[in-house]
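I opened the notebook to record what I looked up in this structure. The entries follow in the order I made them.

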Amino acid sequence: MEDNLIEILESFKYPVYRQGSMSGDDSYPATFFTFRNTESPDHAHYDNKDYGTSWFFSVYVYSSDPSLTYSLILDARTALKAAGWIVPSKGYDVDSDEATHTGRGIDIQYLETN
């Protein structure tokens, strides 16, 4: 599922990073995505067998252009929903380590069946 998520985010032509993978020496690009897998439990059980996985991710956009921070997270939400991801909100503000950048996030889920 991670590959599918990365492919969708990369379609916007901005860098995509796993959350926490940038070193302290890396400078922030003007605009970029980060993501992290927050949980991946079995979807459900019947006769002691799981029939899938519920993939949970958080996706973040950071940008030095505040209006792009908001519009890009909404565009990503639309693309993810079109690809079958569950995206139950329009997002929330996230802290940025750089005073020049604002951040916005969404929590997403994908139900994968075996």
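I began with a term: a nonpolar core is a set of buried Ala, Val, Leu, Ile, Met, Phe, Trp, Tyr and Cys residues joined through side-chain atoms within 4.5 Å. Buried means under 20% relative accessible area, exposed over 50%, and partly exposed in between, with a 1.4 Å probe and protein chains only.

I noted that this is a predicted model, in which local features need pLDDT of at least 70 and side-chain atom pairs count only at pLDDT 80 or more, while totals for chains, interfaces and linings use all residues. Residues are numbered from 1 along each chain as its sequence is written, and side-chain values use heavy atoms, with hydrogens and water left out.

**Cores.** I looked up the largest nonpolar core, which has 19 residues; Leu 5, Phe 33, Val 59, Leu 80, Trp 85 and Ile 108 touch the most other members. Two or more residues come from each of helix H1 (2-10), strand E2 (31-39), E5, helix H2 (66-82) and strand E7 (102-113). Helices (H or I, at least four residues) and strands (E, at least two) are DSSP runs, numbered from the N terminus. A second, separate core has five residues, including Met 22, Phe 32, Tyr 60 and Val 94.

**Helix H1.** I listed Leu 5, Ile 6, Ile 8 and Leu 9 as the buried residues of H1. They line one face of the helix, because they fall within an arc of 160° seen down its axis; the arc is that of the directions from the helix axis to the C-beta atoms. Asp 3 and Glu 7 are exposed on the face turned away from the buried side. The buried residues of H1 pack against strand E1 (16-18), E2, E5, H2 and E7, where contact means heavy atoms within 4.5 Å.

**Helix H2.** I found Thr 69, Leu 72, Ile 73, Ala 76, Arg 77 and Leu 80 buried in H2. These residues cover an arc of only 145° around the axis, so they are on the same side of H2. Ser 67, Thr 78 and Ala 82 are exposed on the other side. The buried residues of H2 pack against H1, E2, E5 and E7. After H2 comes Gly 84, with a positive phi near 95°.

**Ser 63.** I placed Ser 63 in strand E5 (residues 52-63). Is Ser 63 buried or exposed? Ser 63 counts as buried because its relative accessibility is 0%. Its side chain reaches the backbone nitrogen of Asp 65 at 3.0 Å.

Technical notes
A polar contact is a pair of N or O atoms within 3.5 Å; within protein, one must be able to donate a hydrogen and the other to accept it, and residues adjacent in sequence count only if both atoms are side-chain atoms.
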